[in-house]
Amino acid sequence: MTSDPTPADPATGTAAHDHSSHGYITNKDDYLKRLRRIEGQSRGLQRMVEEEKYCIDILTQVSAMTKALQAVAMGLLEDHLSHCVVDAAVAGGPEAQAKIKEATDAIARLVRS
């Protein structure tokens, strides 16, 4: 049985996905809490630049924000692997290979960042 490839999302150029639930859904509130904290860090960095704070202090905060974003990314990746990729692997077929490629590409983007 063959299926049409998933259409690309025009906004991102990546495959659009229609899932009833994502792997992170059980941790959604935790992710939102972390992302709101990161948003606050971003506003704090903007204030530091506006107030012409010492560059090393700003860089220290950039580093903290970067680590916070990396922690979110790693959590999402782990959830994706343990939910979406595992489910596709159990189902087998071309979807399994597509999910593995998708996860590999995501890991490559994270490593480059």
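Predicted model: local features only at pLDDT ≥ 70, side-chain atom pairs only at ≥ 80, totals over all residues.
Student: Which phi does Glu52 take?

Tutor: Just after α1, Glu52 takes a positive phi of about 55°, although Glu52 is not a glycine.

Student: Is Glu52 buried or exposed?

Tutor: We read that from the relative accessible area: buried means under 20%, exposed means over 50%, and partly exposed is in between, with a 1.4 Å probe and protein chains only. Glu52 is exposed, at a relative accessible area of 71%.

Student: What is the overall secondary structure of the protein chain?

Tutor: The protein chain has three helices and zero strands, and along the sequence the pattern reads α-α-α. Of its 113 residues, 19% count as buried.

Student: How is the accessible surface of the protein chain made up?

Tutor: Accessible areas come from the Shrake-Rupley method with a 1.4 Å probe, and for residues only the protein chains shown count as cover. The total for the protein chain is about 8,600 Å², and 57% of that belongs to carbon and sulfur atoms.

Student: How many residues does α1 have, and what span does α1 reach?

Tutor: The expected span of a helix is 1.5 Å times one less than its number of residues. With 23 residues, α1 reaches 33 Å from its first C-alpha to its last, close to the 33 Å expected.

Student: Which residues of α1 are buried, and what is included in their cover?

Tutor: Tyr31, Ile38, Gly44, Leu45 and Met48 are buried in α1. To find the cover we look for contacts, meaning heavy atoms within 4.5 Å. What covers these buried residues includes α2.

Student: What about contacts across the protein chain?

Tutor: Take the contacts with a separation of 6 or more: residues 24 or more positions apart account for 45% of them.

Student: How many salt bridges does the structure hold?

Tutor: A salt bridge is a side-chain nitrogen of Lys or Arg within 4 Å of a carboxyl oxygen of Asp or Glu. The structure holds four. One of them joins the side chains of Glu39 and Arg43 (3.7 Å, N to O). Glu39 is partly exposed at 45%, and Arg43 is partly exposed at 43%.

Student: Where do Glu39 and Arg43 lie?

Tutor: Here is the general idea: an α-helix has 3.6 residues a turn, so residues three or four places apart point the same way. Glu39 and Arg43 both lie in helix α1, four residues apart, about one turn of the helix. In helix α3 (residues 93–112), Asp105 and Lys101 are also a pair four residues apart. The closest N and O atoms of the salt bridge between Asp105 and Lys101 are 2.9 Å apart.

Student: Which salt bridge involves Glu51?

Tutor: The side chains of Glu51 and Lys53 meet in a salt bridge (3.7 Å, N to O). Glu51 is partly exposed at 48%, and Lys53 is partly exposed at 42%.

Student: How many disulfides does the structure hold?

Tutor: A disulfide is a covalent bond between the sulfur atoms of two cysteines. The test is a pair of cysteine sulfur atoms within 2.5 Å, and the structure holds zero disulfides. Cys55 is partly exposed, with a relative accessible area of 47%, whereas Cys84 is buried, at 9%.

Student: What does His80 touch?

Tutor: Leaving out residues up to four places away in sequence, His80 touches Val85, Glu102 and Ala103. His80 has its place in helix α2 and counts as buried, at 18% relative accessibility.

Terms used. Residues numbered from 1 in each chain as written. Heavy atoms only, no water. Helix = DSSP H or I, 4+ residues; strand = E, 2+ residues; numbered from the N terminus.
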